[in-house]
Each structure stands twice: as C-alpha cells, then as structure tokens.
Amino acid sequence: MPPEIEAVRDMVARFMANEVVPVMEDFEKRGEFPRELVARAGAAGLYGAVFPESVGGSDMGYMAAAVIIEEMSRQEVRFTSCNNQQGGTCPTCIYMAGTPEQVEKYVPNLLAGKTIGMMSLSESGSGSDAAGAMKTFARRDGDVYRIKGEKMWASIANETDVGILIAKTDRDAGAKGATAFIVEPKKYPGFTAKPVDLLGMSKAFRTNIVFLDDFVVPVENRLGAEGDGFKIVMRALQPGRLNVAAKCLGLAQACFEEAVRYANERTVRQQPIGRFQMIQDSIAEMATAIEASRGLVYRAAFSMDNDMPSNRIASIAKYHASQTAKMCADKAQQIFGGYGLAREYRVSWMRVYADMLYNGEGSANIQKIIIAEDALGYKPADRHHGKTNLRDVRQTDIAKQ
C-alpha cells in the first residue's frame, strides 16, 4: 500500500474516532440526520478521493476510496450509509454523463457534503430487474418533465437536496426507454419521501419509499439523452459495487475485532473462551476470509485506477466481501452468546448491516449470475469496457476538455 494512502487511512481513523463515534449514538437516539457531520466528512475529503481536483476531489483514486470506506465502516458502519450518495453513484452519474454546467453546479457540493445526495432506481416490483419492470414514467410537458410513480429503497431521500432518479420516458422500449434525471426534491413540487421502518437499522440514516405525483424536473436537469438512463446507472454501479465491497470489508473487520476482544475477556472455567478450540475455529475462519476479501477489494480498486476492465472483478469482490461480512457477523454474534442480541453491544446491529449490504448494489445472486455467465462465456462481464461514450471519472478531467 503506498505510504500516502496509509496516511489517508490514519487520517480517516482519527476523524472517525474523534468526530463521529463519540456522537453517533446520540443522533441515533434522536433519530436525527447528522447533516453537520456529513459536511465535516466532506470537508475532510472522505467523499472525493476518485474525483479530480477541479470539482473538489483529491484525485487519489479508487484504492484510496476503498481504504477510506473500509476504515469508516470498521469504526461506524451506520455513518457510511451516505457514501454512495455523496461520493459514489450519485455524483459519478452526473460527472460521467452531465453537461459541464451540470457537473460544476452539483458535483463539488455533493463531494463537500454541503448538499445531500440520493440515488433512486429500484421500485417495489423491480429490484434486480430495474429497467424491465420499471413503472415510474416521466412525461415531457414543455420545459419540464412530470414524473409519476413510486420508488423504493431510496436511501436518505427524506433528507436529499440533489439526487439521481431513473424513470421511463418510453414504456415500450425496455431498458432503452429509461432516462436519468437530476432531481431537486426541496425545490420542486410532487416529491414525498416516507422512511421505511427496518428492524435494527439506523434511525438517523433512513431508507425510503418515494411517491412521485407529477414531480417537476426541468428539461435542463435531464442527464444525457432520453433513453440513456440505464447505460448511465449501470456504468456507475461498477464503482458503486467497490464502495459496498469496501463497506463489507470494514464491517467484517469490525466484527472480527469485537469477537477477538470478547474471546479474550470472557472467561469460562477460569480461562478466556478464546482458549477453546471451537472459538479458535471461528476466529481462524474469520481472519482468513477477511484477508481474501481484502485482496479482492484492493485488486478491483487497482484495476479501476489503471483503466482495466473491472466489472467482473468488482462483482467478485462485492460477492466475496458480502459473504465474508455475513459470516463474520454471524460468528461474532455466536461468540458473544446471549450478549450478541443485546443492543448495547454493537455486534447485535452489525449483523443487520451485514444482511443489508449482502443485497445492496446488486444482490449476491445477481453477482453470481454475472460471474457465472462470464465464466461460461455466455455474457462477458467486461463487454462494455471503453464503449459507453461516457466520461471516466479517473481518466477524464472535465476542466481540461
């Protein structure tokens, strides 16, 4: 690992330990979104690692971003709930497909945490089949579009200032009928976000069902051409999967550290339970899986930084890291015994986040389909590399175009 990235890890560790961890539980108890904390994280550069300096990024790359997210998740996984919205899929979509004016207007403030982002693709009947089963429709009405429908699992949509929303503009064109829009829910009427109550998950960072009742989006806020939406969001999901894989890795590491600490503290028959072989079996499996996931996550980041075909390795990394997080959360909870269900011990709710990340940014089964179809030669995962005609966040500085 380059020394400058290790220095970034140390910075993130200090920021999280000093700024976030001491106060996060208070925000959770109040059910209050920590907007000021997000702004501080943005000012510290936690969201802009992959973006050029011309839009407020640090231009350090995907490896740095993976390390930042890993460390954030290790210390407080709940606070990483807005990483994709602030530094992942939301600003990436805008940077890749937006006009220079759109990029300048929206991306710097998202990376700085000054505005809160959103990514809204899924619907209640269209998760993995997002484009095929999409019902939300955008109708052109002069200088605006009017969007009608419902969206599901829209993280922090109840707080968002600027977001990406995908809707059909041609109901009969399948994936080619989907269009991307830059939306501003607080500025235009017709957008209502209702938080979904999820057992064990954050009360500060909420996921939402979104109701769109002739929601107004100016034509100049369309992202790309009509019909480009699915292409844009699929390209953005590649680094988004790296983002989630790094979250899984940090969460797995946190579960492992909690399990090791408890195994050394808890005594049975006058000795730490870590002395018993069944506990050691779990610790060994966790340690091995974490190292394997770390290698895959870092390899995916390296591939993206070097403009190599990366969709396949991103899917492998996301699949493996999500499996590792689930396994480590499960084993940590077992090592804690009954205390693993007590709210005062964070392994109780980290298990819920492992389950959530297992499905986020493409479920494990979807990743397996991508990996298997590539291996069998049915559908190469990297078939679109370099062919989308979209800007590359790492290879193209919009300020130099």
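Modeller: Let's start in helix 1 (residues 3-30), where R9 and E6 are 3 residues apart, so about one helical turn separates them. A helix here is a DSSP run of H or I with at least four residues, a strand is a run of E with at least two, and both are numbered from the N terminus. Before going on, a word on the model: it is predicted, so local features need pLDDT of at least 70 and side-chain atom pairs count only at pLDDT 80 or more, while totals for chains, interfaces and linings use all residues. Residues are numbered from 1 along each chain as its sequence is written, and side-chain values use heavy atoms, with hydrogens and water left out.

Back to our pair: R9 and E6 form a salt bridge, with their closest N and O atoms 3.3 Å apart. That term means a side-chain nitrogen of Lys or Arg within 4 Å of a carboxyl oxygen of Asp or Glu. R9 is buried, at 16% relative accessible area, whereas E6 is partly exposed at 30%. Those words have cut-offs as well: buried is under 20% relative accessible area, exposed is over 50%, and partly exposed is in between, using a 1.4 Å probe and protein chains only.

Now hop over to helix 8 (residues 277-305), where R294 and E291 also lie 3 residues apart, about one turn of the helix. R294 makes a salt bridge with E291, and the closest N and O atoms are 3.1 Å apart. R294 counts as buried, with 15% relative accessibility.

Another pair to look up is D141 and R146, whose side chains meet in a salt bridge at 2.7 Å, N to O. D141 is partly exposed at 33% relative accessibility, and R146 is partly exposed too, at 26%. Altogether, the structure has 29 salt bridges.

What about your cysteines? There are 0 disulfides in the structure, a disulfide being a pair of cysteine sulfur atoms within 2.5 Å. Take C93: its closest cysteine sulfur, in C90, is 7.3 Å away, so that is too far for a bond. C248 is in no disulfide either, and its nearest cysteine sulfur, that of C255, is 11 Å away. C93 is buried, with a relative accessible area of 0%, and C248 is buried with a value of 0%.
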